[in-house]
Amino acid sequence: MVGRGLKWMLLLTGTMIGAGYASGREIWQFFGADSGVAIILFSMLFMICSYTVLKLSISLRAENYVVVLETLLGKRLSKAYDKLIILYLFLTTGIMISGGGATLETFELPYWFGIALMCILLTVLFIWDLDGLTSVNNFLTPALIAVLIVILIFFQMSSEGGFVLEWGSQSNWPSAITFTALNLLPIVAVLSAIGTKIEHPGEVWIATIGSGLILGGVSYLYNQSLLKVADDIILYEIPLFSILSNYPYLLVIAMTILLWTAIFTTAAANILGLISRFRHVLSSPGWLLTIVILLPLLPMTTFGFSTLVAFLYPLYGMLNLYLLGSVLLYPFLNDRYDRLR
């Protein structure tokens with residue numbers, strides 16, 4: 001039970017820690033100054049939403065997110081959110097591919113090379129479908145989290161002022177709501193695809209509480225570090241590199257590789273959500289569906305990573321507020337929901 005619970009925890013955490021998150025761009029976009037309470041609130045909301053969606057997915061024996069959306073929102077509104085999720089998964093997969101190209105530019109490799117490498121490896125991964133994704137997550141996600149935490153703690157301790165917990169003004173707490181709402185779409189898409197795989201209730205608790213605690217802790221540490229280099233962030237497409245600018249080049253290389261893998265695993269999780277959504281319509285193998293998904297996204301990568309994150313993420317954070325409210329209220333209004341449907 002514990003091993004399987006940790007597997008789902010890493011899948012859920014890997015879904016979150018993608019190009020936007022691991023690079024720091026998403027953290028800086030939503031949090032920044034006065035955000036300590038916001039990050040704690042986000043961690044709690046993430047755990048509640050993940051638990052609710054996964055339990056609902058299990059009870060419905062869901063194979064994709066459509067039946068989960070219908071239960072939460074009703075058939076009419078679920079159709080609108082179905083389109084939003086499909087569009088979100090497509091667009092954020094494009095952002096991940098763009099982030100893969102931007103990350104490898106650290107090694108002075110062409111932008112297009114990183115994009116091509118990302119597309120090829122994603123196609124190869126889905127020869128093994130869900131088993132391939134969980135196997136990659138079991139190895140890459142712990143490595144990324146461990147190295148990221150070590151770098152951030154070392155940066156806090158070595159920078160001027162050391163490690164400081166600032167609990168003065170906390171005016172930015174509403175950002176926790178939009179940040180959770182933004183990330184609710186991949187949560188619904190991915191957790192709905194694994195509902196039939198859960199064998200024990202304990203797996204749900206391990207996956208949801210564990211991932212929430214990890215993401216809350218890393219988010220707070222990351223945000224505090226970015227505040228110390230706030231003046232330099234504008235110079236970097238990827239804010240993490242403003243923290244790494246004075247580190248040994250070997251460490252920069254290691255972190256760049258891990259960042260690229262985080263981008264890769266989130267792109268793969270998005271594709272899993274799309275494949276599970278359309279599998280009943282298209283019976284093609286996973287690798288072929290991956291190619292079909294990736295080809296239309298290539299023109300999107302010309303806009304650049306930071307531009308895409310700055311525009312699309314806040315927009316989707318606002319659009320998803322109704323879905324967030326429905327997920328949070330579902331455990332309390334379950335009987336009422338059943339009567340209405």
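Visitor: How many of the residues of α12 are buried?
Guide: α12 is mostly covered, with 23 of its 30 residues buried. Buried means under 20% relative accessible area, exposed over 50%, and partly exposed in between (1.4 Å probe, protein chains only). Helices are DSSP runs of H or I with at least four residues, numbered from the N terminus.

Visitor: What kind of model is it, and how are residues numbered?
Guide: This is a predicted model, where local features need pLDDT of at least 70, side-chain atom pairs count only at pLDDT 80 or more, and totals for chains, interfaces and linings use all residues. Residues are numbered from 1 along each chain as its sequence is written, and side-chain values use heavy atoms, with hydrogens and water left out.

Visitor: Back to α12. What span does the helix reach?
Guide: Helix α12 covers residues 249–278 and reaches 44 Å from its first C-alpha to its last. That is close to the 44 Å expected at 1.5 Å a residue. The expected span is 1.5 Å times one less than the number of residues.

Visitor: Switching to rings. How many aromatic pairs are there?
Guide: The structure holds 8 aromatic pairs. One of them is F31 with F42, tilted, at 6.5 Å centre to centre and 55° between the planes. Rings of Phe, Tyr and Trp (its six-membered ring) pair if their centres lie within 6.5 Å; planes under 30 degrees apart count as stacked, over 60 as edge-to-face, the rest as tilted.

Visitor: Where do F31 and F42 lie?
Guide: F31 is in the loop between α3 (25–30) and α4 (36–60), and F42 is in helix α4, so the pair ties together parts 11 residues apart in sequence. Both F31 and F42 are buried.

Visitor: And why is the pair of F42 and F179 edge-to-face?
Guide: Their planes sit at 65°, with the ring centres 4.7 Å apart, so the pair is edge-to-face. F179 is in helix α9 (residues 175–194), 137 residues from F42. Ring pairs link F30, F31, F42, F46 and F179 into a cluster.

Visitor: New topic. Is N320 buried or exposed?
Guide: N320 counts as buried, because its relative accessibility is 0%. N320 lies in the loop between α14 (305–319) and α15 (321–329).

Visitor: Which residues does N320 touch?
Guide: Y81, A181, L182 and L185, not counting residues up to four places away in sequence. Contact means heavy atoms within 4.5 Å.

Visitor: Last one. What is the phi of E108?
Guide: Near 60°, a positive value in a residue other than glycine. E108 is in the loop between α6 (75–104) and α7 (111–125). E108 is exposed, at 74% relative accessible area.

Methods
Helices (H or I, at least four residues) and strands (E, at least two) are DSSP runs, numbered from the N terminus.
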